[in-house]
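Here is a short briefing on one protein model. Keep the sequence and the 3D view open as you read.

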Amino acid sequence: MEIQLWRDLLDPYQLAIDELMVKFKFVIKEYRSRGMYCPIEAVNGRVKKISSILEKMRKKNLDFDDIEDGIEDIAGIRIICQFVEDIDAVVNMIKNRTDMMVKTEKDYINNPKASGYRSYHMIVYYDVMTINGTKRLKVELQIRTLAMNFWATIEHSLKYKYRHNIPEEIKDKLTEAAQAVVKLDKEMSAVRDEITDAQNLFQQKANLVAEILNTIENLYSLANKREIIKIQDEFYMIYKQDDIDKLRKFSRELDFIAEGYRAQGI
């Protein structure tokens, strides 16, 4: 098989991964910049390795020309959530997008595999623009919690090591670990509101501090140095008190000062 044929096949899938990674990361950024909890904690993606594609071709008895029809996970995106409840939110988010269309879904959370594997899988159609025009590709989305992802990563490594023939005693330990993951996800869900409130508060504070520092930096070219030092000292004093309401009040007062200097410059 010529290397160029593989490149021609796989390059559009890499483009799809690159674009989808940007889009999902922007979703995270948009939520957090508004001080809101995002159901997506992290996202990563990959194009299937040629060795893995060859192995699937062998198992499914596929020719090179049949790869795109016979293998649906050439491109894969993994979306990690903190809580089980977030998975439904992400699934609905994907279904409501206009830049991708759902082909199939498999719910391995309510219907886990015999091994204990749990995740939500979606195959979506996604269009990329190439020099030859628009190409519609299939991309697999795996949506799971942090705990599910930890377990699945370990299982995948063991499958690779034992060539899918994992010894029974290790299978038993994986099953026990899968049950522990279910319990952990349930326990985390029980305190979900407390955790998300804390995270939201942290993000709001981070955004507020960034805005304050940006305003102070802008004032350097407008206010005199002595006043800037006074403003900075006041900010550090308030910041040490760890009181977000005082930070909000300081931010409003700082905005008023900044507006005054801009008015003077007109």
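Which residues of α6 are buried? They are Leu174, Ala178, Val181, Asp185 and Ser189. Buried means under 20% relative accessible area, exposed means over 50%, and partly exposed lies in between (1.4 Å probe, protein chains only).

This is a predicted model: local features need pLDDT of at least 70, side-chain atom pairs count only at pLDDT 80 or more, and totals for chains, interfaces and linings use all residues. Residues are numbered from 1 along each chain as its sequence is written, and side-chain values use heavy atoms, with hydrogens and water left out.

**Helix α6**

- Helices (H or I, at least four residues) and strands (E, at least two) are DSSP runs, numbered from the N terminus.
- Helix α6 covers residues 168-190, which makes 23 residues.
- The expected span of a helix is 1.5 Å times one less than its number of residues.
- For α6 that gives 33 Å, and the end C-alpha atoms are 33 Å apart, so the two agree.
- The cover over the buried residues of α6 includes α4 (84-95), β5 (133-145), α5 (146-161) and α7 (192-219).
- Lys171 and Glu168 join their side chains in a salt bridge, at 3.6 Å from N to O. A salt bridge is a side-chain nitrogen of Lys or Arg within 4 Å of a carboxyl oxygen of Asp or Glu.
- Lys171 and Glu168 are three residues apart in helix α6, so about one helical turn separates them.
- An α-helix has 3.6 residues a turn, so residues three or four places apart point the same way.
- Lys171 is partly exposed, at 36% relative accessible area.

**A nonpolar surface patch**

- Leu184, Met188 and Val191 form a nonpolar patch on the surface, with about 210 Å² of accessible area together.
- Patches are made of residues with over 30% relative accessible area and no salt bridge; like charges are joined within 9 Å, nonpolar side chains (Val, Leu, Ile, Met, Phe, Trp, Tyr) within 5 Å.
- Accessible areas come from the Shrake-Rupley method with a 1.4 Å probe, and for residues only the protein chains shown count as cover.
- Val191 sits in the loop between α6 and α7. Its relative accessibility is 36%, so Val191 counts as partly exposed.

**Other salt bridges**

- The whole structure holds 19 salt bridges.
- One of them joins Asp185 and Arg118, with the closest N and O atoms 3.6 Å apart.
- Asp185 lies in helix α6 and Arg118 in the loop between β3 (101-107) and β4 (120-130), so the pair ties together parts 67 residues apart in sequence.
- Asp185 is buried at 4% relative accessible area, and Arg118 is buried at 10%.
- Glu55 and Arg58 also pair, at 2.5 Å from N to O. Glu55 is partly exposed at 33%, whereas Arg58 is exposed at 57%.
- Lys23, Arg97 and Asp99 are linked in a network of salt bridges.

**Inside the protein**

- The largest nonpolar core has 52 residues. Such a core is a set of buried Ala, Val, Leu, Ile, Met, Phe, Trp, Tyr and Cys residues joined through side-chain atoms within 4.5 Å.
- Helix α1 (residues 3-33) gives the most to this core, with eleven residues.
- Apart from this core lies another, of 16 residues, including Val209 and Ile238.
- Leu137 lies in strand β5 and is buried, at 1% relative accessible area.
- The C-alpha atoms of Leu137 and Ala16 are separated by 8.0 Å, although the two are 121 residues apart along the chain.

Terms used:
Contact means heavy atoms within 4.5 Å.
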